[in-house]
Amino acid sequence: MTYRAGWIHFTNVAPILDSLELPPGVSAITGVPTQMNAALLAGEVDIANISAVEFIRHADILEALPDFSVSVLGPVYSVNLFHTRPLEDLRRIALTAQSAMSVALLEVLLHGRGLSPTLERAEGEAEELLSSGYDGVLRIGDSALREWYRVVGPLTAERTMTTLPNSGRGITVTDLAEDWFRLTGHPFTFAVWAYRKDRPPPPELVQAMRVARRHGIGHLADVATRHAAMLGLPERVVQHYLWNFRYHLEAPDRLGLEEFAAKAVPDHAPLCFGQRPGQEGR
């Protein structure tokens, strides 16, 4: 029986997925986060790099690989709230339907400030939606990275990614992962590789993923060059964006994940993880 994977192939997982060679008996499809979340929960795929909040919400039926994540300590650059008023004055925020994770994180951060603006589903680029009457727009993924750079760029010989402003063109950009770090001091885990407890991944697939990750991180400049061309962004931007990620779900990432779980889904079932490398079969 074929083991089915569902990949969310944004640029942020290119160091893992670009060079991944699926072993015999494994097939894969791709889609946006909400599609792959739904596919895993419906049993249409057996493993997926899903939104951490969906893993938390369905911890009774899902388990996660113990050493894979998409996490950051500080800014992420691609999960952004674009706004034309101070956060405290926001009235209407447009939300993307592509990501349950970013919406849940935004809600936690707004609640932490005692804010309750109206949240509405609306698709489109940030500047387009802001000009249509929204005073805040939540954007994620590759498009959010491009729109962030359009607002705060460009880079120059003297400017680095860490010295770019957080505003431009009359728009302020609040990076939700950076806001989380200010709130908690922990990394933020956006995604984990989760699977149905009754359909754990074959060891050959997990090993192939680890090999692909080592190769991708070891050739990060090449990965960045390739994806910068596809995104229409400077190589410096994409290389910094990629080396900023934490892909191993280490102890600090788990602490951040557990704190987010307590804030976002306080009645969640215990979070379960598979055995770490070298512990299999014990």
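Me: What makes strand S5 (residues 79-83) and S10 a pair?

Reply: In this predicted model, S5 and S10 are joined in the antiparallel sense over 4 bridges. Pairing requires at least two bridges, so the two strands count as paired. Within this pairing, histidine 83 stands opposite threonine 172 in S10.

Me: How do you know that strand S9 (residues 167-168) and S10 pair?

Reply: S9 and S10 share 2 bridges in the antiparallel sense. The criterion is at least two bridges, so this pair meets it. Glycine 168 is placed opposite isoleucine 171 in S10. The two strands form a hairpin with 2 residues between them, and arginine 169 in the turn has a positive phi of about 55°.

Me: Why is strand S10 (residues 171-175) called mostly covered?

Reply: Of the 5 residues in S10, 4 are buried. Buried means under 20% relative accessible area.

Me: Why is aspartate 142 said to have no salt bridge?

Reply: Aspartate 142 lies in helix H6 (residues 141-152) and is buried. Its nearest side chain of opposite charge, arginine 146, is 5.5 Å away.

Me: What makes the approach of aspartate 142 and threonine 11 a polar contact?

Reply: The side chains of aspartate 142 and threonine 11 are joined at 3.0 Å. Leaving aside residues up to four places away in sequence, aspartate 142 touches Phe10, Thr11 and Leu231.

Methods: Residues numbered from 1 in each chain as written. Predicted model: local features only at pLDDT ≥ 70, side-chain atom pairs only at ≥ 80, totals over all residues. Heavy atoms only, no water. Buried < 20%, exposed > 50% of the residue type's maximum accessible area, 1.4 Å probe, protein only. Lys, Arg positive; Asp, Glu negative; His and termini not counted. Salt bridge = Lys/Arg side-chain N within 4 Å of Asp/Glu carboxyl O. Polar contact = N/O pair within 3.5 Å; in protein donor to acceptor, adjacent residues only side chain to side chain. Contact = heavy atoms within 4.5 Å.
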